[in-house]
Amino acid sequence: MYIKEEKLKEILLDSGLVDEKTFADAQAEAFRSGQNIINVLVGREEISEDYLLELLAPYFNVPLINLKKVVIDPETLRLLPEAFAKSRGVVVFEYNSEAKSAKIAMLNPLDLDTINFISAKYGLWPDVYLTSSVSLAFVFKQYRKTIGANFNQIIEESIKQSASLSGETDLAKIVEAIPIVSILDSILENAIMMNASDVHFEPLPKKLLVRYRVDGIMQEILSLPNDISQILVARVKILAGMQIDEHRIPQDGRFHFNLEAGAKIDVRVNVMPVLNGEKAEMRLLKSSAKPLSLSDLGINENLEGLISEEIKKPHGMILVTGPTGHGKTTTLYSILHILNTPKVNITTIEDPIEYEVASINQTQVNAKAGVTFANGLRALLRQNPDIIMIGEIRDNETADIAVHSALTGHLVLSSLHTNDAPSAIPRLLDMGTMPFLLSSTLNLVIAQRLVRKICTSCVESYKLSALEKTSLVKQLNLSGVPAKKKAKLIPSSAYRGRGCKVCEGSGFSGQVGIFEVLLVDDKIRALITKSMSASQIRKAAISDGMISMFEDGLEKVQKGSTTVGEILRVTSE
């Protein structure tokens, strides 16, 4: 969206929602980070994007539209090529060839080049509407298309060319010579369209299975002939800077994948030998122009206030815990974004660096070069940091340095693999951390899981079954929720997705976090000093008002964000 900063400032100041200082701070951050000032204001939650568009619609002199409430004919949507639509931020949502009329939704209604192109192509002047990036992204998902037919043609051509190169012994030359590039590009492009977080190449005795992880759940996408399995993995290795002739040991790497629309996706790769060849796993890291705020992650207003208060303390330790793949790193980056101001020096030690953040000093663990979490952390302590982020506390030495760093005037952020927030304390004690040191430094523990969100296009309410209610009561008992709260937490009805074209029949679209936040107050510090168990700490925390992860999940069930089945899936013990 293009609007002169002077005009934007005038509109926002007149609205009374943003003052001179807030706008100047956002302007300075936009300059430092290379971001658009609108993204900064929305990311810092100074104003919501929806309300901002309401303010800007009169300026652009166009009506505002929410595309989530519009049913778009697939043929109408595809009047504009997908790459063009995504690169220009525009969709055709209504078209009548007989009446020669069209309605288009745009992020930037002043983009006359795009409007003129559509006008010339269809011989009409379209009615222009303003829409939000979230609304547009919702429609872009409808561009999803099956890839099997495209692959069949590409694979046949690949196998034919591969046969003609049967005398070639240099695998690198074979990879460059045949259109294996098209196969890999199609797989990655389709994964990105489906909002997949991971792509797996899994070698089986007679085929190569391609699977995506979408909204936390694995999906089989297609099977490829064994003939090209080795060549496809070799292509991935070349892009990721790995040794293509090494098949005995695991290798790590990363590369950038360029989309047709001009955007870039960072792809983190691990290749590992398995029974029938080499398995490649690719994590798709989408660096968003607008950093996620705590509320975007699913943290409610009360917990957001608690976290915001604790991260502003000049020293101490804040931990984010949970299983692999449940958003711990994303939460840490959201906190870093809040803390990232010109007044502090932030340094990180990560394995790997998942997102590049402007004005933050990020260091990659490199075991071959002798840079581990422990000695890398020692080195960055000599870089005069105010805030330190450690990707993960994995061993005794790292835990010891992290605790001593928090004790000596630094704010330390890190992640840990535990099932809930109270379990982080005995885990650190098991690593050899002295109880009196841990009680003096630990400020906050955030435990989290990711659950699938109900598709808003096909959401419906229903009455809970007796089996679901029994499962909820059982889990509430295990979570240590007081008896007087249980009746209020179990809803009589809930929500689910029927399944539609938008969510491809799954009933889900996207993910949201459920959280448990343990504030380490004097009572908890006394328990830490006595090396009490996780269950004793949990009991004390709940009596002091801690909301369990399961309770937070039930709140999201009542709001229609997710289903009973989802919270039971990720929290059941």
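## A pair of helices

Axes here are lines fitted to C-alpha atoms, and the angles between them run from 0 to 180 degrees between N-to-C directions. With that in hand, let's look around this predicted model. The axes of helix 22 (residues 522-529) and helix 23 (residues 534-543) come within 10 Å, crossing at roughly 170°. Angles over 145 degrees count as roughly antiparallel, so helix 22 and helix 23 are roughly antiparallel to each other.

Where do helix 22 and helix 23 meet? On the helix 22 side you will find K523, I524 and L527, while helix 23 brings Q536, I537, A540, A541 and S543. Sorted by class, the contact of helix 22 with helix 23 has 5 nonpolar, 2 polar and 1 charged residues.

Leaving aside residues up to four places away in sequence, I524 touches I425, L518, L519, I537, A540 and A541.

## An enclosed helix

Now turn to helix 12 (residues 229-239). Of its 11 residues, 8 are buried, so helix 12 is largely enclosed by the rest of the structure. The buried residues in helix 12 are S229, I231, L232, V233, A234, R235, V236 and K237.

Just after helix 12 comes G241, which takes a positive phi of about 70°.

Methods
Residues numbered from 1 in each chain as written. Predicted model: local features only at pLDDT ≥ 70, side-chain atom pairs only at ≥ 80, totals over all residues. Heavy atoms only, no water. Helix = DSSP H or I, 4+ residues; strand = E, 2+ residues; numbered from the N terminus. Parallel < 35°, antiparallel > 145°, perpendicular 65-115°, else oblique. Contact = heavy atoms within 4.5 Å. Nonpolar A, V, L, I, M, F, W, Y, C, P; charged D, E, K, R; others polar. Buried < 20%, exposed > 50% of the residue type's maximum accessible area, 1.4 Å probe, protein only.
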